[in-house]
Amino acid sequence: MDSTFDFAVPHSAGTRRAPALLVMLPGAYDTPRDFIDQGFVAAVRERHLNVDIQLVDAHVAYYTGQTILERLQQDVIEVARHQGYEQIWLAGISIGGMGSLVYTATHPGHITGVVALAPYLGPRNISADVVRAGGLPSWPAEGQSLPEDDIDRRLWLWLKSRARHQVPEAPPSLYWGYGLSDRFAMGHQAVAEALPADKVFTVEGGHDWPAWIALWRQMLDKLPLPRTEARSHEPVAP
């Protein structure tokens, strides 16, 4: 496996560095090019958002090899911070959504906001445990032990900390989107019910690109990203 990320060519909002960087992580078997082909980059530019876009080739091997957090920190986030970006946003689909969430949970001070599109949330039995407990506010059930090295359950505990009854406005911002027929919808709904309603987005559809691009367009209209009136150049494929 590669020791460092391979990147697609960054897409700039103009000739100067934008104030915000949007880092996009694909699903397990998707590629950075898919964000271009499926209209994600174009949707950003159509809205004249003053952001630079970094498409990261964070394929599934980084997750199975448990190097995703290290590589994100060293190859992406620390570089962006050194370059002087005022805001750094993570946006991920499926397992890329999980990577975005886990990184943000581990390094909340590095990230302005995270956009989780149908994120993978670990084995379905965890989602089932949350539902049986009556939702995130009541989970984990009394007496239920959570192994310290269980990354999936640690992630769920961080998601619980983002619940609206605790710190809904504390940074980093969390935006949540999923298709109502997604195969992971049980877990997505369990999280969504605990988040502020204006941070949750749903569409008809499953765990697929048509649902994700529809969600993305909705979410871009609401994300507090900097905007510019200048006309952007067409994105250049890597």
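By class, the lining of the largest pocket has nine nonpolar, three polar and two charged residues. Nonpolar here covers Ala, Val, Leu, Ile, Met, Phe, Trp, Tyr, Cys and Pro; charged is Asp, Glu, Lys and Arg; polar is the others, Gly among them. This is a predicted model: local features need pLDDT of at least 70, side-chain atom pairs count only at pLDDT 80 or more, and totals for chains, interfaces and linings use all residues. Residues are numbered from 1 along each chain as its sequence is written, and side-chain values use heavy atoms, without hydrogens and water.

A pocket is an open set of points on a 1 Å grid over the protein atoms alone, where a 1.4 Å probe fits, with protein on both sides within 12 Å along at least five of seven lines; lining residues have an atom within 4 Å of a point. Of the 14 lining residues, Tyr 63, Gln 66, Ile 68, Met 98 and Ile 151 lie nearest the centre. Two or more residues each come from helix 4 (68–83), helix 5 (95–106) and helix 7 (151–161). Helix 5 gives the largest share, four residues. Helices are DSSP runs of H or I, at least four residues, and strands are runs of E, at least two, numbered from the N terminus.

Now the backbone. Ser 94, in the loop between strand 3 (87–93) and helix 5, has a positive phi near 55°. Ala 118, in the loop between strand 4 (113–117) and helix 6, has phi near 45°, also positive. Trp 139 and Pro 140 are joined by a cis peptide bond, omega about 0°.
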